[in-house]
Amino acid sequence: MGDPNVAAGVDDSQLRAFMRRILDDLEALEQMLEGGMIESGVRRIGAEQEMFLVDRAAGPAPIALQVLETLGDPAFTTELALFNLEANLPPQHFGGRCLSEMHAHLDRLVAAAREAAARHGADVLLTGILPTIALGDLSLDNMTPNPRYLSLNNTMSRLRGGAFRTMIKGLDELQVTHDNILLEACNTSFQVHFQVAPQEFARLYNLAQAVTGPVLAAAVNSPTMLQHRLWRETRVALFQQSVDGRRDVHQARGDRTRVHFGDRWVRESIIELFREDIARFRVVLSTGVEEDPLALVAQGIAPSLTALRLHNGTIYRWNRPCYGVTEGKPHLRIENRVLPSGPTTVDEVANAAFFFGLMSALGDEYGDIAHVLEFDHAKGNFTSAARHGLMAQLTWIGGQNYKASELILDHLLPLARQGLAARNIDAGDADRYLGVVEERVRSGQTGAQWALRSLASMNGHGGQGKEGRFRTLAKATLALQKQGQPVHTWPLAVAQPSAADDWRDSYRCVGQIMTRDLFTVRPGDLVDLAASVMTWEHIRHVPVEDDEGHLVGLVSHRDLLKLVGRGTAPSPMAVERIMKRDVLTVSPKTSTLEALRLMRDARVGCVPVVEDGRLVGLVTETDLLTVAAAIMEHELSRPSDA
């Protein structure tokens, strides 16, 4: 996330001064490009590994600061949320055994993070979106106490002018309104860097845009969010909406979001992208800048371009242009931000190898990609791949349409092999990592597809509720991930014997057992409607809510019986005439045992679950019987002490 030393609460005059710094940095970069100061003739690769910290129940563990202190390693840094970490791999020359060396270094970093987390009763999980994360985990209490993050949240909230709204439609539909940007922290990725020379930037950046869709189709690993089955790579939709600072009027006129793919090919240089982002997006962070970039360039010294880089770090192109200085030498990179974290490190390096191979081969095969592929097709491929994974329909060179799996197997993997060979990548490395991609595509089992198949196989089995199935999914991911075999070889999560070991974790609070699929009525609705709903759906309680979702009452089967017992009711009678208004309620965080005690003491068979005044669920006697049955099944399955 960059330099934490940002100014908080800046006024308009400070922002104008910082914009002056950004423009000076951009002019300095233009002079460096014209004067040949940017490094060329060298190809390096690198990566950043984002990860989740999880507790023994595979839920988010907000202990990043403690883990970082235990690690004491500058390769690790914070992320937006306290349940995330980031590890930075060192850059290395693109050639020889660079892929296996990247893999070995990645394994060492993940192992170190796991060892440090274990000292705090936690673990590390590599996954695009954590299956167990809940909306309650995304409060500001879990935001890393860093001026950069706090300032970013405050500024984006001010720009938005209200709550952030997220709506994603997949197999299920997710609609969430949230008061901060921590939804962004639900995403973790494996970001790869590809160093390019100034004169080849436009050509290679366009290639990165072209191959991103097909590479993502084979790499998808984020099919769920808040227990909803959405896109195969839900991160793409979630990230775009989680930091959308546009007000309604800006959305209506089609202004671009800060997370975006772009709208056209680059024509000449990296300057085009920086100019466009400066023109389109307001400054949201600032910091003190002491250097004079133009004076340094005049002396032949590479400036850090702090202001330009900070602004660039608040704009999230899926292929981000980057400037950096290493040992006094300035360079340009393309940072691909699309690849998800996990399912294993070997899968991640395989995805990177596929991307690097295509970046090295497509120019020789097709020439200038902008002349043979329409930009809208590249952009459409990206969205289609995120939605559908290997089942996506992609449009390729010359407007030909392919199923993603066919395009990858028949055309792109052979080209990636040629590209790696042309760069003198070790043949064993190329075979190993591209072989992983090939077998994954042939089997059809991406990380996303494994997760969805696992959830389907668990549905209705083992007495697990919805929350329990997602917890089992996360635990199985962690167990299989540690074995190190690529995801296409994984058995479904239902087969994991550890799924019931910590059964209590699935029943600790009301939010884990409550019914979310509710049938409700309004106060003015006909009583006969409430009675019919109870009969049709075989339920004994119907909550009454207003048009804003606030709980205003409850109608029970007993209330209807009393009405019948008094004789013929006036017709038509409104629900508000018979509903109980003084209703016992609990919150999603209420412990299951406390809810049971409250229901017993009040002698009721149903308790509505309310959060922020709005109805979010219902706990009934049936739900508690399900918990009791799970407990009995677990206890009976335990080995006897005899």
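The model is predicted, so local features need pLDDT of at least 70 and side-chain atom pairs count only at pLDDT 80 or more, while totals for chains, interfaces and linings use all residues. Residues are numbered from 1 along each chain as its sequence is written, and side-chain values use heavy atoms, leaving out hydrogens and water.

Let's start with the rings. There are 14 aromatic pairs in the structure; rings of Phe, Tyr and Trp (its six-membered ring) pair if their centres lie within 6.5 Å, and planes under 30 degrees apart count as stacked, over 60 as edge-to-face and the rest as tilted. Two of the pairs are set out here.

| Pair | Centre to centre | Angle between planes | Type |
|---|---|---|---|
| Phe 52 and Phe 83 | 6.3 Å | 15° | stacked |
| Trp 450 and Trp 490 | 4.9 Å | 85° | edge-to-face |

Phe 52 lies in strand E1 (residues 44-54) and Phe 83 in the loop between strands E2 (76-78) and E3 (84-88), 31 residues apart. Strands (E, at least two residues) and helices (H or I, at least four) are DSSP runs, numbered from the N terminus. Both Phe 52 and Phe 83 are buried, meaning under 20% relative accessible area with a 1.4 Å probe, protein chains only. Trp 450 is buried too, at 2%, and so is Trp 490, at 6%.

Now for the hairpin. Strands E19 (residues 606-611) and E20 run antiparallel, joined by six bridges; strands pair if DSSP finds at least two bridges between them. Val 609 has Gly 617 of E20 as its bridge partner. Two residues separate the strands, and Asp 612 in the turn has a positive phi of about 55°. Five of the seven residues of E20 (residues 614-620) are buried, so this strand is largely enclosed by the rest of the structure.

Terms used. Buried means under 20% relative accessible area, exposed over 50%, partly exposed in between (1.4 Å probe, protein chains only).
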